[in-house]
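Subject: Structure for you to look at

Hi,

Here is the structure I promised you. Have a look at it first, and then read on for what I found.

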Amino acid sequence: MAKKKALTKDRLVWMYKQMVRIREFEERVKRTFVEHPGVIRGHTHLGDGAEATIVGSLATRDDDDLAMPSYRCHGYPLVLGTSPRKMMAEIYGRKDGLCGGFGGSMHLADPEHHFPGTSGIIGQAITHATGAALTAQVKATGQVIYCFFGDGSTKQGAFFESLNLAAVWNLPIVYILENNHYQAYTHISLEGANYRAGDPLSQKAQAFSIPGVTVDGTDPLRVYAAVGKAADRARSGKGPSLIEAKFYRLSAHGNAITVPPVPTQFPEHEAVEVYGKKKEFADAKKNDPIPRFRAALIRKGVLRNTDAQRIEAEAHAEMEDAVQFALASPKPAGEEAVKYVYA
Amino acid sequence: MAREMMYGEAIATAMIEEMQRDSNVVLYGQNLAMTERDPMLRKFGKQRVRIAPISETAEMGVAVGAALTGLRPIVELWMSEFMLVAFDELINEAPRLRYMSGGQVKVPLVFKAGYGFAAGWAGQHSNCVYHSMMGIPGLKIALPSTPADAKGLMAAAIRDDNPVVYLHHYMLTLDKGPVPEGEFVIPFGVGDIKREGTDVTIVATGWMVKKSLAAAELLAKQGISAEVIDPRTLAPLDTKTIIKSVQKTGRLVLVDQATRHASAAAIIAAEVAEHGGKALRAPLKMVTALDTSIPFSEPLENFVLPSEEKIVSAVKSVMARQAAGV
């Protein structure tokens with residue numbers, strides 16, 4: 001049985017720091033589209049709004065546990081210890097990138113830091129995380145796999161097949177359903193049967209006779225409690241659980257899809273751009289998990305205002321350094337492209 | 001030392017030997033190891049031998065994730081068409097993850113299935129779908145045609161650090177042949193000359209090797225010496241052995257159970273045209289399935305598929321013709 005990491009003062013401050021680091025990183029990615037047009041190619045997806053869910057979940061992990069999310073993948077490795085310099089350089093397509101410029105924003109991988117990789121195809125990575133849980137079980141490593149995916153993924157066969165198989169095989173995995181209310185550009189009311197019926201998405205767990213709970217994904221402590229319980233359950237051999245963490249994605253699905261020579265750019269959130277729901281978006285911003293957690297920690301006397309400011313300044317400097325490192329990194333030589341096809 | 005063994009038995013032997021050698025090898029699939037009496041289950045236990053739900057996407061995707069993290073899964077998929085259910089995992093996940101990670105990870109797994117079941121399985125269960133896997137960088141494809149190759153290629157597939165599609169031909173399952181005992185690994189990308197000859201090169205895979213050898217026997221009686229080459233793996237493809245043979249014989253017949261434009265033969269033809277075309281003394285000929293789905297009733301099925309007679313007639317036609325202007 002794993003020792004549960006106690007929520008000491010230091011741990012709570014650490015959680016706040018990780019949330020701020022993720023936000024700062026994502027902000028710098030987004031600003032790049034304006035400040036350095038053309039530097040980021042392809043399609044980039046941001047996790048702002050998900051910080052409480054990411055950090056609340058990963059705060060429960062043991063040192064060897066793996067995190068396996070979808071292509072919206074920047075936040076997790078930051079928490080796991082991956083270098084933001086290498087991440088930014090990867091997103092900029094540079095030689096010093098985490099994957100040498102072979103993967104880009106959607107395909108960050110850092111196995112040394114318990115982050116085996118991601119898939120850009122919605123839902124498919126759920127099967128891979130389930131496979132990692134098979135490895136943990138067969139090799140009796142004691143690991144738990146943290147599998148993150150969005151509400152859109154739960155419409156894929158990969159989701160249903162994985163949860164059924166994980167339940168039958170009793171695999172040590174926690175399925176963390178990030179309900180950010182938009183399936184790419186489509187609002188959940190247009191694609192979610194449970195949502196339309198007024199039911200939580202965690203209800204899907206009943207189809208596989210496994211525990212399913214819904215939590216406020218903007219509160220890292222509620223996420224911590226629910227995911228921690230599910231992780232303990234998984235580690236003690238009782239099998240998978242489904243946690244629906246509800247929050248609101250604060251940026252658009254991804255940068256606008258442009259055709260060269262038009263540089264890529266980041267549009268307004270779909271709520272505003274597509275659906276004209278300005279109030280919905282304004283309310284979501286008011287519910288931003290980061291200032292809320294900051295205020296809560298100050299209120300509890302865990303964090304002083306000056307400490308919070310120092311954490312924010314440090315994160316700012318860290319990500320500024322990441323941007324400068326990435327900008328200065330050379331692009332890979334074309335002939336590198338034939339590497340890594342086969343092991 | 002070699003032992004007479006059936007093709008199907010040779011595959012199982014390789015799997016057992018590799019599972020004994022490496023505890024990271026696991027096996028699962030639908031409708032296998034259903035009872036405690038199952039011999040694989042008894043040998044290797046419930047952790048390493050599992051029955052899977054009818055969920056190709058999860059079965060194949062789970063293998064990808066397990067391979068990423070240190071296991072070497074063999075997924076028994078039974079029929080190659082079932083892989084089509086999980087085409088994303090086959091084409092867009094398993095072979096891409098290593099590359100996209102910049103070489104940080106590897107995905108050693110085997111997707112095993114039978115194919116080409118020309119025994120009344122009709123349109124959806126007897127096709128040759130390997131064409132859609134060829135040309136997917138990162139993916140390897142093995143198609144054994146003899147019991148010995150079946151063993152050696154399965155051992156190599158399990159030991160390979162890349163995703164491998166291992167396709168065994170259903171019509172060869174009961175064929176017997178000598179199989180080396182103990183460790184026997186056939187490296188991928190090394191074609192085998194199944195019969196030496198001087199007048200014409202026949203390239204074939206799987207069941208078509210057997211048919212080509214039978215055709216070569218008939219041709220020999222008529223004074224035509226055919227060389228029969230089995231590339232054994234389509235990816236990597238041993239074009240060198242094929243081109244060397246064509247340079248010797250100057251004539252080429254490509255036999256493939258797949259439909260014409262979805263055949264490995266078409267790819268081999270292109271390679272020979274570019275790299276060995278000058279050696280051809282007559283235009284090459286492709287003997288493939290007709291461009292239809294596979295029909296159910298026996299005479300319909302026979303009509304569509306390549307046969308000894310069709311191979312013999314193709315060989316005679318390249319023997320008779322001279323390449324115009326080459």
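In chain B, strand β4 (residues 72-79) and strand β5 (residues 109-115) pair in the parallel sense over five bridges; two strands count as paired if DSSP finds at least two bridges between them. Helices (H or I, at least four residues) and strands (E, at least two) are DSSP runs, numbered from the N terminus. Within this pair, Ile74(B) sits opposite Val110(B) of β5(B).

A word on conventions: this is a predicted model, in which local features need pLDDT of at least 70 and side-chain atom pairs count only at pLDDT 80 or more, while totals for chains, interfaces and linings use all residues. Residues are numbered from 1 along each chain as its sequence is written, and chains are lettered from A and ligands numbered from 1 in the order in which they are written.

Both strands belong to an open, mixed sheet of seven strands in chain B, ordered β3-β2-β4-β5-β7-β6-β12. Its edges are β3 (49-51) and β12 (233-235) of chain B; each has a single partner strand, so one side of each is left without a neighbour in the sheet. On average, neighbouring strands of this sheet are turned by 20° against each other, direction ignored.

Helix α3 (residues 56-68) of chain B lies across β2 (25-29), β4 and β5 of chain B and runs at about 160° to β4(B). For such angles, axes are lines fitted to C-alpha atoms (for helices over the stretch in contact), and values run from 0 to 180 degrees between N-to-C directions. Contact here means that the C-beta atoms of two residues, placed from the backbone, lie within 7 Å.

There is also a helix pair to look at: α1 (residues 7-21) and α7 (residues 147-159) of chain B pack at about 30°, with their axes 8 Å apart. That makes α1(B) roughly parallel to α7(B), a label used for angles under 35 degrees.

As a whole, chain B has twelve helices and 14 strands. Its radius of gyration is 20 Å, close to the 20 Å that the globule rule gives for 326 residues, so chain B is as compact as a globular protein of that length. The radius is taken over C-alpha atoms, and the rule is 2.2 Å times the number of residues to the power 0.38.

Finally, the interface: 35 residues of chain A are in contact with 37 residues of chain B. The largest share of the chain A side, ten residues, comes from α5(A).

Best wishes

Terms used
Angles under 35 degrees count as roughly parallel, over 145 as roughly antiparallel, 65 to 115 as roughly perpendicular and the rest as oblique.
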